Amino acid sequence: METILIVDDERNYLVVLEALLAPEGYEILTASNAREALRLIRNSDLDLLITDVKLPGTSGMDLLQESKKTKPDLPVIMMTAYGTIEMAVEAMKMQAYDYITKPFQNEELKLTIKKALQNHRLIKENRLLSKALSDRYSYGNLIGKSKPMREIYDMIQKVAPSKASVLITGPSGTGKELIAKAIHYDSPRKDRPFISVNCGALTDTLLESELFGHEKGAFTGAIALKKGRFELADGGTLFLDEVGEMPQALQVKLLRVLQEMEFERVGGTRTIKVDVRVLSASNRDLKEDVEEGRFREDLYYRLNVIHIEVPSLRERTEDIRPLVNHFMNKYRQVEGHWELSPDVWKALYDYTWPGNVRELENVIERAVVLNPGGRIRLDDLPPEITGEEKELDINRFIPIDAPLQKTLEHIEEKLIRRALHQCNNVQSHAAEMLGITKSLIQHKLKKYRISL
Ligand SMILES: Nc1ncnc2c1ncn2[C@@H]1O[C@H](COP(=O)(O)OP(=O)(O)OP(=O)(O)O)[C@@H](O)[C@H]1O
Ligand SMILES: [Mg+2]
């Protein structure tokens, strides 16, 4: 029940208004002067204040001002007689919700009251909602309390209920897949499958049959009918990871499927209809690929109805602490107290985290394995973080008569292996990290016989 306080020094009005409004289902409190009214404003849980402009002693205007000071969200409707309209305007400037002129029309008054209460409810709900969001340290399995992460939580909450496509971009290891899952598990599709495809990990033909399936005998090796990921995701969500790696020919097919939600299996003629929500991710902004003709513009707009951009961990260092706490709790085998020495925290904050959250998770897991109980020390961190590797001391590590070519190759191999490890074996990411082309890294993988 909503409570309205009516303030007027004319008892008649109080009686009339109470008789008019109580049957509408409101609880009515009355006061005949500002002092009494203020006491009620302070001590009761009010939803609306209606006050006459003219009151004996403290005026209605002063009451409005006091009320805004004590309860800024409480809507106030001013009542004025003809001739005091200027005052009403003044009142509006002082954030009164509305004013009515006496004598008033019953229906008009009821409507104004209804609107004021509705408005008040919305304000209250928004307050609660934004408070709940700003208090958030996590969303699903996502951890982080930085502003960008809270904005991402907000976005996930907004887009989850719809079927809109979402493109998630950000550097490797920033949690793009985790965000996609959070959207799915917060959506009405949560009891249906979440299916993911890595568009960068398969050859062109394999990717096509992976996405759309194939009929028995469609090509050599197609010994049985196979359903594609689109079919498996029916009713649920399909996550196209590394979507920027998708070959051009397939981009055309994908666009058609997204528009019509129907397709044929490879080697098949029957049209299969599905209901799938598509989320996609890329480690770079696809706009550049579109401009350079590597990615179809029309497909880009289809996938990018909503865009979520995840910043690197370096750009949100406030998240390091909650993430470390989270990973410590996840990996430690011994229950009980644990801590990181202050120089460990400093090293974690100073480091640049090229592999982002994935790298941080690996570092903590490693430290916990090396030191299963208690206190993590600087020695438990890998050298690139403690800064020991800052300068390669060739006098210490490389013999003076080392053959140049062999030694360089040895170092090159190590750098490539490290980059791949950092990027979860995604070749294109490792190539980017090292500043070389994808074909060059493929060449080097063959040369050093690195298998993924
Ligand atoms: N905000 C986060 N909270 C908790 N864990 C996270 C967060 N971000 C990333 N992770 C963890 O880091 C690892 C990498 O996350 P994920 O696979 O989602 O990254 P990605 O952006 O898809 O990376 P890539 O581009 O290399 O595929 C996962 O183990 C994930 O659980
Ligand atoms: Mg990923």
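1. Contact between domain 2 and domain 4 involves 5 residues of domain 2 and 6 residues of domain 4. The model is predicted, and the domain assignment places domain 2 at 138-309 and domain 4 at 401-447. Taken over C-alpha atoms, the centres of these two domains are separated by 29 Å.

2. The area buried between domain 2 and domain 4 is about 490 Å², with carbon and sulfur atoms giving 35% of it. On the side of domain 2, the residues losing the most area to domain 4 are Ser172, Glu245 and Asn283, which together account for 65% of what that side buries.

3. The interface of domain 2 and domain 4 holds 1 salt bridge. Glu245 forms a salt bridge with Lys438, and their closest N and O atoms are 3.1 Å apart. Between the two domains, 3 residue pairs are in polar contact. The side of domain 2 that touches domain 4 comprises 2 polar and 3 charged residues, with no nonpolar residue.

4. Is Ser312 buried or exposed? Ser312 counts as buried because its relative accessible area is 13%, and the cut-off for buried is under 20%. Beyond its neighbours within four places in sequence, Ser312 is in contact with Pro171, Thr174 and Asn356. The side chain of Ser312 also makes a polar contact of 2.7 Å with that of Glu315. Val257, by contrast, lies 55 residues from Ser312 in sequence and 33 Å away in space, C-alpha to C-alpha.

5. How many salt bridges does the structure hold? The total is 32. One of them pairs Lys147 with Glu151, with 3.2 Å between the closest N and O atoms. Both residues lie in helix α6 (residues 147-159), 4 residues apart, or about one turn of the helix. Lys147 is exposed, at a relative accessible area of 53%, whereas Glu151 is partly exposed, at 44%.

6. A salt bridge also joins the side chains of Asp275 and Lys163, at 3.0 Å from N to O. This pair links distant parts of the chain, 112 residues apart: Asp275 is in the loop between β14 (271-273) and β15 (277-282), and Lys163 is in the loop between α6 and β8 (166-169). Asp275 is partly exposed, with 34% relative accessibility, and Lys163 is likewise partly exposed, with 40%.

7. The side chains of Arg316 and Asp319 form a salt bridge of 3.1 Å, N to O. Asp319 is buried at 0% relative accessibility, and Arg316 is buried with a relative accessible area of 1%. Elsewhere, salt bridges with shared partners join Asp8, Asp52 and Lys102 into one network.

Key: Residues numbered from 1 in each chain as written. Chains lettered and ligands numbered in written order. Predicted model: local features only at pLDDT ≥ 70, side-chain atom pairs only at ≥ 80, totals over all residues. Heavy atoms only, no water. Domains from an automatic or database assignment. Contact = heavy atoms within 4.5 Å. Buried area = accessible area lost by both parts, 1.4 Å probe. Salt bridge = Lys/Arg side-chain N within 4 Å of Asp/Glu carboxyl O. Polar contact = N/O pair within 3.5 Å; in protein donor to acceptor, adjacent residues only side chain to side chain. Nonpolar A, V, L, I, M, F, W, Y, C, P; charged D, E, K, R; others polar. Buried < 20%, exposed > 50% of the residue type's maximum accessible area, 1.4 Å probe, protein only. Helix = DSSP H or I, 4+ residues; strand = E, 2+ residues; numbered from the N terminus.
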